[in-house]
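I am opening a notebook on a structure that is new to me.

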Amino acid sequence: MEKPRPLWDNPLQFVFACISYAVGLGNVWRFPYLCQMYGGGGFLIPYLIMLIVEGMPLLYLELAVGQHMRQGSIGAWKIISPYLSGVGIASVVVSFFLSMYYNVINAWAFWYLFHSFQDPLPWASCPLNSNHTGYDEECAKTSSTQYFWYRKTLNISPSIEEYGSIQWEQVVCLILAWLVVYLCILRGTESTGKVVYVTATLPYLVLMIYLIRGLTLHGAVNGLIYMFTPKVPKIPLLFSSAIAHSLVLQLEQLANPKTWINAATQIFFSLGLGFGSLIAFASYNESNNNCERHAIIVSLINSSTSIFASIVTFSIYGFKATFNYENCLSKVILLLTNVFDLEEGALTADNLDSMKDYLTSTYPNQYAELLPQIKNCSLEAELDTAVQGTGLAFILYSEAIKNMEVSQLYSVLYFIMLLMLGIGSMLGNTAAILTPLTDSKFLSTHLPKEVISGIVCFINCIVGLVFTMEAGNYWFDIFNDYGATLSLLLIVLVETIAVCYVYGLRRFEKDLLLMIGHKPNWYWKIMWAFASPVLIISLFIFYLTDYIRTGTLQYQAWDATQGQLVTKDYPSYALAVIGLLVASSTMCIPIGALIIFIMKRLKKRSVSTLE
Amino acid sequence: MLGVLLLAFSLVTIVHSELCRPDAQNAFKVRLSIKTALGDNAYAWDASEEYLFKAMVAFAMRRYSNKETTQISNVLLCNMTERVSFWFVVTDSARNMTTVPGSEVEAAVRMNRNRINSAFLLTDNTLQFLKISSTLSPPIEPAVPVWLIVFGVVLCLVVVGILLLVVSGIRQRKKNNHESAETGDLEDKCDTPVTTENGIPCDILDLKAGQINGVYAADDERFTPL
């Protein structure tokens with residue numbers, strides 16, 4: 001007698017699980033950056049078009065496959081066609097790579113969260129040097145938040161070759177992060193289903209608080225205006241109204257192919273397609289669950305969260321830029337006041353330029369000596385420092401938070417939100433690995449579910465120790481940039497083609513009719529059969545040509561002597577690791593098909609020899 | 001008589017201007033930012049404040065050397081600007097026309113910096129002695145770092161949660177094994193209370209959609225090859 005497959009308690013748990021998985025750190029730290037780079041408001045047009053062409057159909061496809069086959073990714077693709085079991089294995093391998101490095105982000109979030117209980121915040125000021133006469137040298141060259149990130153948190157080495165030692169503080173945070181993930185997935189859907197109520201809703205609460213706080217900050221409007229103006233050289237004003245002018249500029253960005261490519265890529269990776277997590281989640285559904293409606297809901301919520309998060313990010317950004325700009329101005333004013341012994345308060349931000357001219361004319365020699373020290377403070381330059389990724393989340397936000405009142409509260413809220421987003425995504429990743437493992441009869445008869453989860457978490461934790469070394473962040477970047485990108489495109493392409501052409505679109509329609517009660521309409525069919533595969537193929541070709549054209553791959557290393565990032569080339573063994581990462585997941589597909597082909601041939605030959 | 005007085009006065013001023021000049025030996029520049037520090041409560045810098053400053057420097061010298069030789073008249077101020085900034089030297093009362101070495105003045109000021117600051121309601125940043133670096137106070141470090149305490153609390157909660165779930169899972173499994181051993185005995189004797197079809201319990205099959213038979217769905221070769 002088989003044990004019944006565990007199910008979600010109600011469809012809401014499933015929707016929350018999908019939202020929790022899809023809404024992750026990328027919504028907070030990648031989308032605002034893209035919005036800023038490609039024209040602000042204008043970027044929304046390609047983004048929404050890609051959502052309709054690519055996001056919703058592919059999400060619906062994965063959910064339907066999982067719900068119908070009621071197996072993890074390996075089993076589901078085996079049912080579609082035995083030659084495609086390699087696709088399932090490739091998904092598991094990619095998920096494994098992702099879970100290895102993704103939990104390190106949760107470890108960092110824990111680190112910052114624990115340090116948020118101090119007053120004042122540890123990244124608010126530089127530490128003193130050894131004889132207490134001034135600030136630490138490295139910290140003085142850069143800012144206190146960057147110092148806290150690069151030196152206190154990562155203790156980063158100057159290059160990827162210098163491994164350094166393992167940082168015990170990061171190790172304990174990583175162990176804690178894995179223990180938390182284990183606690184959530186221990187009982188399978190029973191425990192995951194309850195956890196996703198929290199991980200899906202808490203980030204929205206915090207984002208709402210930050211929205212209200214962010215919009216009321218001084219200088220937030222500067223950030224919002226900046227987000228909605230595209231970065232093109234000023235063309236002559238053809239229209240009388242400024243709004244119409246800015247609209248024209250935004251629409252001009254649409255002609256840039258990079259805009260469309262980045263929109264497509266963002267939708268693709270933001271929804272987490274191809275990892276097998278969505279298939280795993282859907283496999284725990286009742287057979288008659290309306291996955292079409294859920295697919296539309298999840299993808300819309302994911303995209304609107306991105307837009308919501310970017311408004312919050314940009315108001316915070318504007319606040320930080322305005323604060324730094326005003327600081328810079330007051331430093332210049334102080335310098336001029338001191339050197340020329342002017343009365344206090346004679347120089348203000350308003351009369352600075354006219355006073356500068358006056359001083360140049362009255363004391364030309366002294367002013368010329370002073371000129372290298374006088375920085376040209378520019379709000380545009382502060383806003384232009386576009387950041388994405390861990391830089392945005394940990395450096396930029398912590399810098400903005402330290403200048404707010406009651407900074408401890410906002411800091412705690414923010415890092416709890418990051419944790420919820422990260423853990424939500426980790427639940428999906430581990431589900432993608434564990435569901436095929438617990439589905440396989442061999443493993444589930446010998447080991448209980450808890451032990452399999454424990455072993456997977458333990459292996460991931462041990463491998464994750466690599467990222468806690470001094471050079472760990474550079475390996476993290478390798479995994480982040482190359483571990484999943486190309487492989488996922490290939491996996492999803494094969495998935496779409498398999499369902500439409502190998503399994504057959506008509507058969508799939510009939511299955512959907514059985515499950516949800518009506519056939520998919522022409523929009524879904526056209527997207528699945530033509531639009532999405534074509535789009536994925538073009539993305540794939542673009543990325544391949546981009547990698548080939550750039551030649552050597554480079555990375556950003558932190559130079560402690562200068563206090564900033566410098567570009568370096570990867571050594572050969574790092575390049576080998578990158579190649580291995582990409583190859584190990586993509587090769588699973590053809591190798592899997594080949595193995596099944598050989599096995600069938602051998603079976604046929606043995607059958608025919610018997611006759 | 002008048003001529004002698006005039007001569008003495010001009011000598012004194014010449015001496016003063018020789019001893020106290022910008023960048024003179026053993027002279028220090030002082031810069032005050034009263035408006036920045038006190039805002040609306042800022043006081044005006046006048047002769048009385050200068051007198052207080054001389055008194056404070058003399059006090060610092062007395063405290064440092066533990067001799068009561070420095071007088072207020074030994075402290076010379078010059079080059080007052082609107083900023084408010086000026087230069088000062090401390091002359092040696094024992095020897096005429098010489099200034100106290102800069103290192104002594106520096107040490108004296110450093111030792112009594114707090115007293116000098118509070119006399120003027122200012123801080124190290126707003127009452128600056130250029131060339132005399134101030135000792136910055138390090139932040140207060142508690143005995144056990146705060147983050148370790150919070151980490152310990154969270155770790156304990158998580159470990160307790162895991163243990164609870166694992167133990168309850170083991171207990172449930174033991175109960176199930178017990179029950180299935182009992183039902184196993186029952187099955188031999190009478191009909192199974194749970195209806196099954198092909199080894200799958202009926203309550204799972206009881207769906208509108210029915211159950212997918214993997215054999216038929218997966219088989220690519222619908223027709224047996226000849």
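At what angle do helix α1 and helix α15 of chain A pack, and how far apart are their axes? I looked this up in what is a predicted model. Helix α1(A), residues 11–22, packs against helix α15(A), residues 291–339, at an angle of about 35°. Their axes are 10 Å apart. I noted the crossing of α1(A) past α15(A) as right-handed.

Next I listed the residues in this contact. From α1(A) come P11(A), F14(A), V15(A), C18(A), I19(A) and A22(A). On the α15(A) side they meet H294(A), I297(A), V298(A), I301(A) and N302(A). I sorted the residues of this contact by type and got nine nonpolar, two polar and no charged.

Entry on aromatic pairs. I counted 57 of them over all chains. I then picked out Y112(A) and F148(A), whose rings are 5.3 Å apart centre to centre. Their planes make 80°, and the pair is edge-to-face. Y112(A) belongs to helix α6(A), residues 85–115, and F148(A) to helix α8(A), residues 144–153. The two are 36 residues apart, and I noted the pair as a link between distant parts of the chain.

Entry on the hairpin of chain A. Strands β1(A), residues 554–559, and β2(A), residues 564–569, run antiparallel and are joined by six bridges. I found D559(A) opposite Q564(A) of β2(A). Four residues lie between the two strands of the hairpin. In the turn, G563(A) has a positive phi of about 75°.

Then I turned to chain B. In what order do the four strands of its open sheet lie? I read the order as β2-β3-β1-β4, with antiparallel pairing. Neighbouring strands are turned by 25° against each other on average, direction ignored.

Strand β1(B), residues 28–32, pairs with β4(B) over three bridges in the antiparallel sense. L32(B) has L127(B) of β4(B) as its bridge partner. Helix α4(B), residues 102–111, packs on the sheet and touches β1(B), β3(B) and β4(B). I put the angle between the directions of α4(B) and β1(B) at about 30°.

Last entry, on confidence. Chain B has a mean pLDDT of 78, with 75% of its residues at 70 or more. For the complex, the predictor gives an ipTM of 0.84 and a pTM of 0.83.

Notes: Residues numbered from 1 in each chain as written. Chains lettered and ligands numbered in written order. Predicted model: local features only at pLDDT ≥ 70, side-chain atom pairs only at ≥ 80, totals over all residues. Heavy atoms only, no water. Pairing = 2+ DSSP bridges. Axes fitted to C-alpha atoms, helices over the stretch in contact; angles between N-to-C directions. Contact = heavy atoms within 4.5 Å. Left-handed = near helix turned anticlockwise from the far one by under 90°. Nonpolar A, V, L, I, M, F, W, Y, C, P; charged D, E, K, R; others polar. pLDDT = per-residue confidence, 0-100. Phe/Tyr/Trp six-rings, centres within 6.5 Å; stacked < 30°, edge-to-face > 60°.
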